Amino acid sequence: MIREISAGGVVIRNKDGAWWMAAIELPSAPPAAPDATLGPSKRAARAKPKHILCLPKGLLDPDEKPLEAALREVREETGITAVPITKLGDSKYAYVRSWGDGERVFKIVSFYLLRYESGRIDNLAEDMRIEVARAQWIRLEDAPKLLAYGGEKQMARKALEYVQAHDDL
């Protein structure tokens, strides 16, 4: 089994008395071909592309530390810069590559709580659009319901707990 090490960020900002978090929407997969055995309403529901909302993250470059990778990935995938607050934790899981060799991969993603510093969300280089359909601010309290992946939902909950426990942010 192959091992992958990645890092990502939960970027927060307080605006108008509420905490917001940067999230990315992955490009939609093309809708599946209609299945003639399904009824019309089920065919229509299946034909809609699924929007996947997740946290900015990516593989570490050679000799790059996880925090450096998290800050870089946030900048590349959201268009904003951030400063570190604390490490939230690691998400560990296995998956099977859906491309190339179909190899099983054990992945560890280190997530950091980051504070928004500058930039305009979704101001991305055009070549990033193959990875990110759009970057957006979502309410931190809504993030655990909106994010697609269990480990990322957990990191959003940890970020919410952190801001609730720290009035000095």
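Colleague: Why is Glu25 called buried?

Modeller: Glu25 has a relative accessible area of 11%, and because buried means under 20% relative accessible area, exposed over 50% and partly exposed in between (1.4 Å probe, protein chains only), Glu25 counts as buried. This is a predicted model, in which local features need pLDDT of at least 70 and side-chain atom pairs count only at pLDDT 80 or more, while totals for chains, interfaces and linings use all residues. Residues are numbered from 1 along each chain as its sequence is written, and side-chain values use heavy atoms, with hydrogens and water left out.

Colleague: What makes the contact between Arg134 and Glu25 a salt bridge?

Modeller: A salt bridge is a side-chain nitrogen of Lys or Arg within 4 Å of a carboxyl oxygen of Asp or Glu, and the N to O distance for Arg134 and Glu25 is 3.5 Å, so the pair qualifies. The two residues lie 109 residues apart, Arg134 in strand S7 (residues 134–139) and Glu25 in strand S2 (residues 18–25), where strands (E, at least two residues) and helices (H or I, at least four) are DSSP runs numbered from the N terminus.

Colleague: Why is Arg134 called partly exposed?

Modeller: Its relative accessibility is 39%, which falls in the intermediate class, so Arg134 is partly exposed.
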